[in-house]
Amino acid sequence: ILAWQEALTHRLPMAVSVIPIIAGMSGNVGTQASSVTVRGIAVGEVDYQRLRSVVWKELVSGLVFASLFGLALYAFVVWVMPHMELGANAWPPGFSRFRVALVPAIAMAATILTGATTGTLVPLALHRLGRDPAVASSPFISTMNDLVGISILTGVVYLFLS
């Protein structure tokens with residue numbers, strides 16, 4: 001765990017500044033997917049015989065959002081962040097800003113896709129287990145997405161900038 005902590009705080013301090021963006025977006029996408037799934041369960045649109053199509057629809061939606069927001073974050077890091085006051089160690093030496101910008105963009109895309117998947121599967125699993133998905137889904141999904149999002153960001157920093 002120390003290697004991951006070192007990767008995030010020392011190799012790319014700029015990554016710490018995008019944690020709220022990544023966590024917020026993945027939480028929003030997860031909660032939205034959860035709401036759509038819970039609504040589908042409530043009105044009878046979700047049939048476990050058609051489960052694959054329900055999950056696929058949410059994954060495609062998540063992939064579209066992941067691509068758009070990953071690209072937007074990439075553009076932000078490449079063109080806006082260099083003009084911000086982030087300190088002397090904001091950019092790791094020896095790496096172009098285009099490569100560094102891939103880190104939060106990939107992390108954003110991966111966490112949004114994870115949020116969409118979690119937001120769809122958790123309510124379905126809770127419903128299948130006889131629990132009320134409307135009550136338990138959002139807090140679980142938000143917490144899970146925050147943990148997964150920070151882990152993905154740290155892992156991408158570690159892999160790309162090692």
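Okay, let's start with the lining of the largest pocket: by class, that's 3 nonpolar, 3 polar and 5 charged residues. For the classes, Ala, Val, Leu, Ile, Met, Phe, Trp, Tyr, Cys and Pro count as nonpolar, Asp, Glu, Lys and Arg as charged, and the others, Gly among them, as polar.

Quick caveat: this is a predicted model, where local features need pLDDT of at least 70 and side-chain atom pairs count only at pLDDT 80 or more, while totals for chains, interfaces and linings use all residues. Residues are numbered from 1 along each chain as its sequence is written, and side-chain values use heavy atoms, with hydrogens and water left out.

Back to that pocket. A pocket here is an open set of points on a 1 Å grid over the protein atoms alone, where a 1.4 Å probe fits, with protein on both sides within 12 Å along at least five of seven lines; lining residues have an atom within 4 Å of a point. The space in the largest one is about 160 Å³, a volume being what probe spheres set on the points fill, with points joined across faces, edges and corners. Its lining is V36, T37, R39, G40, E45, V46, R50, S53, V54, K57 and E58. Two elements each give two or more residues to that lining: α3 (19–42) and α4 (51–80). Helices are DSSP runs (H or I, at least four residues), numbered from the N terminus.

So how do α3 and α4 pack? Their angle is about 160°, with the axes 11 Å apart. Axes are lines fitted to C-alpha atoms, over the stretch in contact, and angles run from 0 to 180 degrees between N-to-C directions. α3 and α4 are therefore roughly antiparallel, meaning over 145 degrees, whereas under 35 counts as roughly parallel. On the α3 side the contact (heavy atoms within 4.5 Å) uses I21, I22, M25, A33 and V36, and on the α4 side E58, F69 and L73. That's 7 nonpolar, no polar and 1 charged.

Next, α5, residues 97–128. Its axis and that of α3 come within 7 Å, crossing at roughly 30°, so α3 and α5 are roughly parallel. The contact includes G30 and A33 of α3, and G115 and G119 of α5. It divides into 14 nonpolar, 9 polar and no charged residues.

Last one: α6, residues 133–160. Here the axes of α3 and α6 come within 8 Å and cross at roughly 150°, which makes α3 roughly antiparallel to α6. Among the contact residues are S26 and S34 of α3, plus N145 and D146 of α6.

Definitions and conventions. Angles under 35 degrees count as roughly parallel, over 145 as roughly antiparallel, 65 to 115 as roughly perpendicular and the rest as oblique.
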